[in-house]
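This briefing describes the fold of a protein for a reader who is new to structural analysis. Please examine the sequence and the structure shown here before reading the points below.

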Amino acid sequence: MLATDMKQSLLVLLILVLLGAFTTGCRRDKNVATVDGEAISAADFNQYLGTKRTVRVVVQGQVTDLPVSDTLGFQALQDLATQRIVMHMAADEGLLPTDKEVEDEISFKTSLNPRYLTDLKAIGYEMGQIRDDVKFSLCQERLLTRGIHVDESEVDRLIKEHPEQFMQPASADVYQIYVLSLSQKNAVDAVLKSQQSFKAIAAKYNQAPEGEHVSIRIDRLPDSIKKEVDNTPVGGQTDWLTAGGGFRKYFIEGKTEAKMVDMTPERKEFTRRQIALNYGRQANDLNQQILAKLKSSDVVVSDDDPQLKDMWKRMEDRLDKILSATKSGS
């Protein structure tokens, strides 16, 4: 994804998802939840989320906590300020997409992935947020690829010379049971001896955050798990696998072998744009341009949040050093 590539961080998308899914939908005078009758207010929730220092992520099928730089709230402020800076840069050069171009891009993304909108809405995105993200991505792409032309013949040559880049990887459609403790594993084993289906047991006992029914890319699995999945036939169960600090067992519902992707006109166009982006990244140091624009822009953080204001000031001081070092090295 363009935004992820630009920021060079796997956590950026997660931060935007967390803040987009929860803070935009919560009024500060409402409760998010109650625990045994005790309220968790939206204000408390937003304050905790804004200062949270770790995130829980899934890496190769395993759940783990990772520390973040500064706080989620400050990273979100950086991201949102950067989005506006990039759109201002695009507007200055006459590259700002129109509303129709944004809608066309959403249709294009949906043609590549029919679940594009469904998946984003499922994690709390509203159409306004989706349009803003698409507009931001288009601005980045246009700034990077201005003056660069790539035609379809270059796409055809890439497909011919590097067909491995256009392979749909092998995958498995599985039901899974993930538990954290040995006692929970033993409890599941006892139930598995009954006549209940694996699917029903997974729905009751699985603790994996991604759910009990998932499709997994086999090439991304750790070697020990990959071997077990490869050796388990469709309709069979794997042994228990040690993963993510707990125990995981799969029921293999189906497998798909690796195959060449059908290069539809939309996929060819996507590939053409990716080639242009690769050229653009080599020709244009957009990150440096964004930093310079960010430094010269009038960003005022509200006095209502002194912690964010102080962190922004420290970041501006770091920007001075980064830009000075770049100038001296050029």
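The points that follow are grouped by topic.

The structure is a predicted model, in which local features need pLDDT of at least 70 and side-chain atom pairs count only at pLDDT 80 or more, while totals for chains, interfaces and linings use all residues. Residues are numbered from 1 along each chain as its sequence is written, and side-chain values use heavy atoms, with hydrogens and water left out.

**Overall composition**

- The protein has 14 helices and ten strands; helices (H or I, at least four residues) and strands (E, at least two) are DSSP runs, numbered from the N terminus.
- Of the 330 residues in the protein, 37% are buried; buried means under 20% relative accessible area, exposed means over 50%, and partly exposed lies in between (1.4 Å probe, protein chains only).
- The accessible surface of the protein is about 19,300 Å², and 51% of it belongs to carbon and sulfur atoms; accessible areas come from the Shrake-Rupley method with a 1.4 Å probe, and for residues only the protein chains shown count as cover.
- Among contacts between residues at least 6 apart in sequence, 69% join residues at least 24 apart; contact means heavy atoms within 4.5 Å.

**Nonpolar cores**

- The largest nonpolar core has 22 residues, and Leu-143 and Trp-312 touch the most other members; a nonpolar core is a set of buried Ala, Val, Leu, Ile, Met, Phe, Trp, Tyr and Cys residues joined through side-chain atoms within 4.5 Å.
- At least two residues of this core come from each of helix H4 (72-92), helix H7 (127-145), helix H13 (286-296) and helix H14 (306-329).
- H4 supplies the largest share of this core, seven residues.
- Apart from this core lies another, of twelve residues, which include Val-174, Val-214, Ile-218 and Val-229.
- Leaving aside residues up to four places away in sequence, Leu-143 touches Val-86, Met-89, Ala-90, Glu-93, Leu-95, Asn-284 and Leu-286.

- The buried residues of H7 include Phe-136, Leu-138, Cys-139, Leu-143 and Leu-144.
- Gly-147 follows H7 and has a positive phi, near 85°.
- Two packed helices are described by the angle between their axes and the distance between the axes.
- Helix H5 (residues 99-112) packs with H7 at an angle of about 95°, and their axes are 9 Å apart; axes are lines fitted to C-alpha atoms, for helices over the stretch in contact, and angles run from 0 to 180 degrees between N-to-C directions.
- H5 is therefore roughly perpendicular to H7; angles of 65 to 115 degrees count as roughly perpendicular, under 35 as roughly parallel, over 145 as roughly antiparallel and the rest as oblique.
- Among the residues that meet here are Val-102 and Ile-106 in H5, and Ile-130, Val-134 and Leu-138 in H7.

- Helix H12 (residues 265-283) has 19 residues and reaches 27 Å from its first C-alpha to its last, close to the 27 Å expected at 1.5 Å a residue.
- Thr-271, Arg-273, Ile-275, Ala-276, Leu-277 and Gly-280 are the buried residues of H12.
- The axes of helix H8 (residues 152-161) and H12 cross at roughly 95° and come within 9 Å.
- H8 is thus roughly perpendicular to H12.
- The residues that make this contact include Val-155, Leu-158 and Ile-159 of H8, together with Thr-271, Ile-275 and Tyr-279 of H12.
- Phe-270 is also in helix H12, and Phe-270 counts as partly exposed because its relative accessibility is 38%.
- Leaving aside residues up to four places away in sequence, Phe-270 touches Phe-108 and Leu-112.

- Asp-65 lies in strand E4, and its relative accessibility of 44% makes Asp-65 partly exposed.
- Asp-65 is ten residues from Val-55 in sequence and 5.6 Å from it in space, C-alpha to C-alpha.
- Asp-70 is found in the loop between strand E4 (62-67) and H4, and Asp-70 counts as partly exposed because its relative accessibility is 22%.
- Most residues other than glycine have a negative phi, and most peptide bonds are trans.
- The phi of Asp-70 is near 60°, a positive value in a residue other than glycine.

Methods. The expected span of a helix is 1.5 Å times one less than its number of residues.
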